[in-house]
Amino acid sequence: MTGQLNPTLLLAVPLAPLAGSAIAGLFGTKFFGNVVGRKVAHSATILGVLIAFLISFQTLLQVMDGATYNGDLYTWMTVGSVKLAVGFQIDTLTAMMMNVVTFVSLMVHIYTIGYMAEDEGYNRFFSYISLFTFSMLMLVMSNNFLQLFFGWEAVGLVSYLLIGFWYTRPTAIFANMKAFLVNRVGDFGFILGIGLILAYTGSMDYQEVFAKKDALINGTLAGTDWAIISVACICLFIGAMGKSAQFPLHVWLPDSMEGPTPISALIHAATMVTAGIFMVTRMSPLFEMSDAALSVILVVGSITALFMGFMGIIQNDIKRVVAYSTLSQLGYMTVALGASAYSVAVFHLMTHAFFKALLFLGAGAVIMAMHHDQDIRNMGGLKKYLKIIWITSLLGSLALIGTPLFSGFYSKDMIIEAVHATTIPGAGFANFAVLAGVFVTAFYSFRMYFLVFHGPENFGKEHHHDHDSHHADEGEEDDHGHHGLAPGEKPHSPGLVVTLPLILLAIPSVVIGAIAIKPMLFGDFFKGVIYVGENHGAMEALRHHFHDWLGMAMHSVQTAPFWLALAGVATAYYCYMVNPKVPAAFYKTLKPLHTLLDNKYYMDKFNEAVFARGARLLGEGLWSVGDKAIIDGLLVNGSAKVVGWFSSLTRVLQTGYIYHYAFVMILGILGFLVYFLPFWHA
């Protein structure tokens, strides 16, 4: 089958979640008097996302059979020759993203029924996550930069609402403001990139821009000899650095853990943080024209992949371990983009979405069982009480570290191979970073796994570290409420509404890599969608060495990544199950390094000292000099004083006596006579 997709049916994909969000957000909250209850609110939003998923799955099948769609649905305005419209471009890349977004979102919606059951903002939360899904769908389905930017900003706005969902907590307010401001920095670069593309091509439509890319290749930035294609692509990537949390614009993402766990899964797995990876992949015809931009992407991704992984080693908050894992894996995806292996990047995006959502939702289930205690040092032995969560978390962890036959293995190993094959400047450091990251990922992942599910039971006890741990994540209890299990209390397994999404996410976490690797990377799945230049041969090198999914898994036991991952797991087991004195000894020996990691490389303090304080000083200077001295002092009060001074002079002449006024009139006439006297003589 070939042909064109039905645009009306496609329109239902983003609009169904939007309708569910409106029902829950307007009629399920105080806004319109809370006329619908919880059941209607969660049913409407889940139904909306389910409809979106079913249509997306049908669309994927049709697209794989040759159907496409690229057209405008609504023209907002036309300015000269520039058309600003709402439209869809549906191809294999879009269809894959639609399925990932809607499936993970559906699992999060179902999971939320159990997780947020005791929260007063239940309906409001469902409204937000459904609106978040709508925003991401509009982003990935767009066929022009205007709609892309709308979706880009919409996911940022809704993430602000979700991270600060518990708005009575100062930490949540600080976290959502931090996320909002850091993303504005990236978005400033993003809109500059879009502006440059519009200025040099005269269009905002993807296909028209790609057709006119010669104008970008041949042009230079005014006043410089910089190629406009490199400047525009780097500006676009700065936007991706903000959304996809790349160094140094990564600082917002760990703090986003202040939001409820379901939204952590949605933000970190399938939506907001993947927007930058998707955008660069969609713009591959442009990025392929600039080795400078690709080199920047490669180096930034390498730094993020390795150094954010180090951060995961010292975390004791279960959600923050998974959060830093997300940062590291986003770095891997970015490295693949820099190596011109765009299909590998989105392949890892897809596999990562499933196992990372699984790990986050599993972490949330553990938090529920532990009565909202998030410190992994207070856990241990939970395998006995949480069988399903134990198994699914193990599967997710195995996928994350790249265990052969699991989904993460195929995508992660392909990234490592692509970096090894690329000649882009910075490839040497990138090769070291992605290899070292394999050991680091395995170590912190199984450190968390062993401390949570194995070893002695540490719950129901007083711990000296309780005062500084991140317990109070879940907002239904205030800062003085009880967190953690009481002495003698045992963890309780959550119900089916929580465990069912874990089971459904575990399945693709295991099998999707083996199923999809050949068509996505070496078949025609992305043919005509992703463009790779002839001078970038990483994908060709991968194609030459790949035979089939089973052979790749068998061969992996002879490769460095396999043994590095195994060494990481073995080291974690020895350090935390066999000889716990080893980490304590390392802590004493390497305390300065631990302090560096504990302070997040001092990035927050640097931003506070330089940017925040600088902004405050600039603001105070503008207020004291510009506003107070110049505007109020000189212009407003100064002009009033000039008028007053002039009035004080003229007031002396206003005596009220007629003979004074007559005398002045005589003087005036005399002055006129003297002034015009030369004319009389002439």
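How far apart do the end C-alpha atoms of residues 142-423 lie, and what share of the span is helix and what share strand? In this predicted model, in which local features need pLDDT of at least 70, side-chain atom pairs count only at pLDDT 80 or more, and totals for chains, interfaces and linings use all residues, the end C-alpha atoms of that span lie 32 Å apart, and the span is 73% helix and 0% strand. Residues are numbered from 1 along each chain as its sequence is written, and side-chain values use heavy atoms, with hydrogens and water left out. UniProt, in an unreviewed entry, assigns residues 142-423 the feature "domain: NADH:quinone oxidoreductase/Mrp antiporter transmembrane"; such positions are given in the numbering used here, feature names are shortened, and annotations may be inferred rather than shown by experiment.

The protein as a whole has 27 helices and 3 strands, where helices (H or I, at least four residues) and strands (E, at least two) are DSSP runs numbered from the N terminus. Along the principal axes, its C-alpha atoms fill a box of roughly 120 × 65 × 60 Å. Of the 682 residues, 55% are buried, that is, under 20% relative accessible area with a 1.4 Å probe and protein chains only. Among contacts (heavy atoms within 4.5 Å) with a separation of 6 or more, 81% are accounted for by residues 24 or more positions apart.

Strand E2 (residues 67-79) runs antiparallel to E3 and is joined to it by 9 bridges, strands being paired if DSSP finds at least two bridges between them. The two strands form a hairpin with 2 residues between them, and Gly80 in the turn has a positive phi of about 65°; Val79 has Val82 of E3 as its bridge partner. Strand E3 (residues 82-90) is mostly covered, with 7 of its 9 residues buried.

Helix H16 (residues 342-369) packs against helix H17 (residues 387-400) at an angle of about 145°, their axes being 9 Å apart; axes are lines fitted to C-alpha atoms, for helices over the stretch in contact, and angles run from 0 to 180 degrees between N-to-C directions. The contributing residues include Phe355, Lys356 and Leu359 of H16 and Ile389, Thr392 and Leu400 of H17.

Definitions and conventions:
Buried means under 20% relative accessible area, exposed over 50%, partly exposed in between (1.4 Å probe, protein chains only).
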